[in-house]
Structures are given as structure tokens and as C-alpha cells.
Amino acid sequence: MDDSVKDLANERNLLDYIVVCVSEFASRYGMHMKDAYMYLRQYKGIDFLHEFYDVEHTLSFDDTIDDLSIICRKNGGTVF
């Protein structure tokens, strides 16, 4: 498999992971998916998932949502 195909597969895995994380975050806090995405985008949760995907995807979704909550709070978010 050449590098461009590997890169595309890795990007797809990252995007799938982010979608699941947004869904899990929305479920935990009783939010609609769109609202959860906008919240995570505004308070750097999406950036966090991009930057630390290599570590976060090895954790449970509960742990990842805990981490997202902490990151968002540190960046001004108020959903607890």
C-alpha cells in the first residue's frame, strides 16, 4: 500500500473516531450532535482529539469523554 492510501486510511480512522466521540459526548450531556460538535469545536475539544488521537484512541470512550470535558473546561466551557 502506498503512502497516500495509508494517509487516507489514517485520516478516515481519525474522522470516524471524532464522530463517535462527539456522539458519546452528546449522549453523556444530553445534547444534540450538532450542539456537541459546536461546543467541542469552540472549546478546543476537537483540536485535542486531532492532536492526541494516537493516545486517546487507546482509551475507553468514558475516559476520552472525561478528558474532553477537562479540556473544554480549561478553555472556558461550562458543560459538566
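1. Is arginine 12 buried or exposed? In this predicted model, arginine 12 is exposed, its relative accessible area being 52%, whereas its salt-bridge partner, aspartate 16, is partly exposed at 34%. The closest N and O atoms of the two side chains are 3.1 Å apart, and both residues belong to helix 1, where they are separated by 4 residues, about one turn of the helix.

2. Arginine 28 and aspartate 62 form a salt bridge with an N to O distance of 3.7 Å. Because arginine 28 lies in helix 1 and aspartate 62 in helix 4, this pair ties together parts that are 34 residues apart in sequence. Arginine 28 is partly exposed, with a relative accessible area of 34%, while aspartate 62 counts as exposed at 51%; together with Asp66, these two residues are linked in a network of salt bridges.

3. A further salt bridge joins arginine 41 to aspartate 47 at 4.0 Å, N to O, and here arginine 41 is partly exposed at 42% relative accessible area, as is aspartate 47 at 37%. The count for the model comes to 4 salt bridges.

4. Helix 2, which spans residues 33-42, has Ala36, Tyr39 and Leu40 as its buried residues. Seen down the helix axis, these buried residues fall within an arc of 95 degrees, so they line one face of helix 2, and they pack against helix 1, helix 3 and helix 4. The face turned away from that buried side carries the exposed residues Lys34 and Gln42.

5. After helix 2 comes lysine 44, whose phi is positive, near 75 degrees.

Conventions: Residues numbered from 1 in each chain as written. Predicted model: local features only at pLDDT ≥ 70, side-chain atom pairs only at ≥ 80, totals over all residues. Heavy atoms only, no water. Buried < 20%, exposed > 50% of the residue type's maximum accessible area, 1.4 Å probe, protein only. Helix = DSSP H or I, 4+ residues; strand = E, 2+ residues; numbered from the N terminus. Arc of directions from axis to C-beta. Contact = heavy atoms within 4.5 Å.
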